[in-house]
Amino acid sequence: MKVGWYDFQEWEREEVEQCEFDVETYSESLSKHNFGKDHDVITVFASSKVDREVLDEVRPDVVCTRSTGFDHIDLEACEELGIEVYNVPHYGSNAVAEQAFALLLALSRKIPSAVKRTQQEFSHEGLEGFELDGKKFGVIGTGDIGRKAIKMAKGFEMDVIACDPYGDDELEEELRFMYVSMSDLLRQSDIISLHVPLTSSTRHLLDAPEFDQMENTVIINTARGEIINSEALLEALEKGKVKAAGLDVLEAEDKMEKIKQAHEDTCQEYDINCKLINRDDVFVTPHNAFNTIEAKQRILETTFRNIRERPEENRVNM
Ligand code: NAI
């Protein structure tokens with residue numbers, strides 16, 4: 001079986017070279033400027049744009065994304081062209097929920113400033129934080145990652161509320177949290193953590209009307225950048241509706257490559273993402289939540305299985 005392996009990274013080399021498939025690797029993402037032919041299977045990471053134009057050229061039988069999210073794949077085009085699509089569910093619930101708390105604790109205890117300070121002088125002046133104990137933690141999306149975040153929040157003795165159109169009553173009882181409406185969650189939460197997939201109905205799920213219902217709220221987003229309207233977030237930070245934000249994902253992450261060398265001033269004008277990155281009350285990490293030794297091993301194992309067995313439970317289109 002011929003496999004086109006896009007977004008190839010060095011840590012994947014040993015296992016990819018030893019696998020049973022005939023693999024051609026590309027360190028760049030799949031795009032209309034970068035694609036190979038005659039591949040039965042193509043496998044990509046979330047940075048590849050698997051759109052109709054590319055699919056028309058490549059015409060694989062199967063697309064396997066090495067991610068949980070599949071918003072970068074045109075499922076309608078795959079359906080029409082008879083292409084099966086598989087993802088890697090479940091691999092990252094620990095990794096992503098832990099990253100959500102890493103961002104939250106970094107904000108609540110001003111860890112980056114504290115580390116920088118200690119390199120200059122041993123003083124805690126201006127580094128006062130806040131405790132998580134007793135705070136209201138609002139979880140949007142109680143799937144794999146959301147429920148892991150709920151368990152962690154319970155460990156910090158937080159009061160957890162959640163919303164999900166497919167709420168799970170047994171889970172609610174087992175983990176001792178409460179499902180509430182979206183607007184109650186927005187109004188009551190001290191901290192909101194997003195754990196929903198990016199779909200047409202979750203794009204800009206948090207926009208100006210949602211931020212207006214908040215008061216001094218901390219936002220954590222490890223899901224997808226486009227779930228938040230970044231301009232509205234910036235305004236909410238200015239107005240104090242949002243106190244701080246921890247973001248592992250940004251809108252239009254593909255643009256970030258182009259501005260990595262940009263001077264800070266140019267950067268400020270150029271892109272909303274830079275305005276967020278350069279604020280003291282926003283911590284941004286580079287879509288890094290999945291990036292643990294354990295999660296990456298699970299990604300590779302499941303991807304090889306998806307290519308080999310095409311298991312029904314990992315198929316995202318019918
Ligand atoms: P999942 O499919 O197990 O859970 C998603 C939950 O969101 C479901 O329970 C669903 O009913 C709920 N949901 C859908 N629309 C909603 C809405 N409008 N309001 C409230 N709830 C809604 O997915 P999982 O594994 O928890 O992953 C969530 C997302 O995390 C992925 O789709 C992916 O985009 C992101 N992710 C990010 C990573 C990173 O490195 N930053 C790594 C892995 C996943």
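The ligand is surrounded by 25 residues, the closest being Asp144, Ile145, Asp164, Thr222 and Asp248; a residue is near a molecule if one of its heavy atoms lies within 4 Å of it. This is a predicted model, in which local features need pLDDT of at least 70, side-chain atom pairs count only at pLDDT 80 or more, and totals for chains, interfaces and linings use all residues. Residues are numbered from 1 along each chain as its sequence is written, and side-chain values use heavy atoms, with hydrogens and water left out.

**Ligand**

- The shell around the ligand divides into 13 nonpolar, 8 polar and 4 charged residues. Ala, Val, Leu, Ile, Met, Phe, Trp, Tyr, Cys and Pro count as nonpolar, Asp, Glu, Lys and Arg as charged, and the others, Gly among them, as polar.
- A polar backbone atom of Ile145 is 2.9 Å from an oxygen atom of the ligand.
- In the side chain of Arg224, an N or O atom is 3.4 Å from an oxygen atom of the ligand.
- An oxygen atom of the ligand also lies 3.4 Å from a polar side-chain atom of His287.
- The ligand taken alone exposes 880 Å², and the protein buries 83% of that. Accessible areas come from the Shrake-Rupley method with a 1.4 Å probe; for residues, only the protein chains shown count as cover.

**Domains**

- The domain assignment gives domain 1 (2-91 + 293-314) and domain 2 (93-284); such bounds come from an automatic or database assignment.
- Between the C-alpha centres of domain 1 and domain 2 the distance is 29 Å.

**Where the domains meet**

- In contact (heavy atoms within 4.5 Å) are 8 residues of domain 1 and 7 residues of domain 2.
- The two domains bury about 570 Å² between them, 39% of it on carbon and sulfur atoms. Buried area is the accessible area (1.4 Å probe) that two parts lose on being put together, summed over both.
- There is 1 salt bridge between domain 1 and domain 2, a side-chain nitrogen of Lys or Arg within 4 Å of a carboxyl oxygen of Asp or Glu.
- Arg224 forms a salt bridge with Asp71, and their closest N and O atoms are 3.1 Å apart.
- The side of domain 1 that touches domain 2 has 3 nonpolar, 2 polar and 3 charged residues.

Technical notes: Polar contact = N/O pair within 3.5 Å; in protein donor to acceptor, adjacent residues only side chain to side chain.
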